[in-house]
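Me: I would like to go through this model with you, beginning with a helix pair and then moving to the sheet. Could we start once it is on screen?

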Amino acid sequence: MDATIGAKLAEGVNVLGLSVTSGQLQSLLSYMDLLKRWNKTYNLTALKTDEQILAHHILDSLAVIIPLRERFASLETLRGLDVGSGGGLPGVVLAIMNPNWQITCIDAVEKKTAFIMQVAGVLGLKNLKSKHTRIEAYDIEPVDMVISRAFASLADFANLAGQHVAATGSLVAMKGHYLEDEVQELNAQSNWRVEQYLPITVPQLDAERCLIYLKPNTKGN
């Protein structure tokens, strides 16, 4: 990996206010390298250059770390699902940065879940797992967090994955920006609603990003 990319990663982490170990930085760079190598055969991402992968994938995923930590600060550990994880985004990054979180990446494409298993093995991430299945067919006890990154519309995400969120947990969508038509569809076609909209700034990326927290409707709401 080019030393320049390592410097840009360190710069981005600093801008985000994240405390990282040298081991975590190396794991992030190694993950990028694995993503690039597997991508030649398995088409895990449309992005090809180190700079694109760093900004659009790694820093984009790192940008949600502090907000999520604050959201789940009361938990000693966290059980989370990354739905439609693809090449492991944000799941792999969440696992690297939070050793006390148990992250399972879900995807319907077997080659992608196989890649994540390889990443977990190479990087020694005992808190990272993957499951080849469709989220609506996954049989698991409800978890603290179900997150997705550009997986589906808010309504589809809520209807397919909401069943896996514990009563005290959160359904979290990583989106480019707030889409009013998606919110209207969510209200009309699901039993979920937007609880919080949080704009996110991603270093080295000139594009809108946000976190959208969803919660189920209850009587009286």
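**Helix packing and sheet order**

Reply: Leu154, Ala155, Ala158 and Asn159 in helix H7 are in contact (heavy atoms within 4.5 Å) with Glu182, Val183, Glu185, Leu186 and Gln189 in helix H8. The residues of this contact divide into five nonpolar, two polar and two charged. Here Ala, Val, Leu, Ile, Met, Phe, Trp, Tyr, Cys and Pro count as nonpolar, Asp, Glu, Lys and Arg as charged, and the others, Gly among them, as polar.

Me: What is the provenance, and what are the conventions?

Reply: This is a predicted model, in which local features need pLDDT of at least 70 and side-chain atom pairs count only at pLDDT 80 or more, while totals for chains, interfaces and linings use all residues. Residues are numbered from 1 along each chain as its sequence is written, and side-chain values use heavy atoms, with hydrogens and water left out.

Me: At what angle do the axes of H7 and H8 cross?

Reply: The axes of H7 (residues 154-161) and H8 (residues 180-189) cross at roughly 40 degrees and come within 7 Å. Axes are lines fitted to C-alpha atoms, for helices over the stretch in contact, and angles run from 0 to 180 degrees between N-to-C directions. H7 and H8 are therefore oblique to each other; angles under 35 degrees count as roughly parallel, over 145 as roughly antiparallel, 65 to 115 as roughly perpendicular and the rest as oblique.

Me: How many helices and strands does the chain have?

Reply: The chain has eight helices and seven strands. Both are DSSP runs numbered from the N terminus, helices being H or I with at least four residues and strands E with at least two.

Me: In what order do the strands sit in the sheet?

Reply: The open sheet has the order S3-S2-S1-S4-S5-S7-S6, with mixed pairing. S3 and S6 (192-200) stand at the edges, each with a single partner strand, so one side of each is left without a neighbour in the sheet. Neighbouring strands are turned by 20 degrees against each other on average, direction ignored. Two strands pair if DSSP finds at least two bridges between them.

Me: Which pairs are parallel?

Reply: S1 (residues 78-83) pairs with S2 in the parallel sense over six bridges, and Leu81 stands opposite Thr104 in S2. S2 (residues 101-107) and S3 (residues 128-132) are also paired in the parallel sense, over five bridges, with Lys131 in S3 as the bridge partner of Ile106.

Me: What about the antiparallel side?

Reply: S6 and S7 are antiparallel over eight bridges, and Leu198 stands opposite Leu211 in S7. S5 and S7 also run antiparallel, joined by five bridges, with Ala173 opposite Ile212 in S7. H8 lies across S5 (165-175), S6 and S7 (209-216), running at about 155 degrees to S6.
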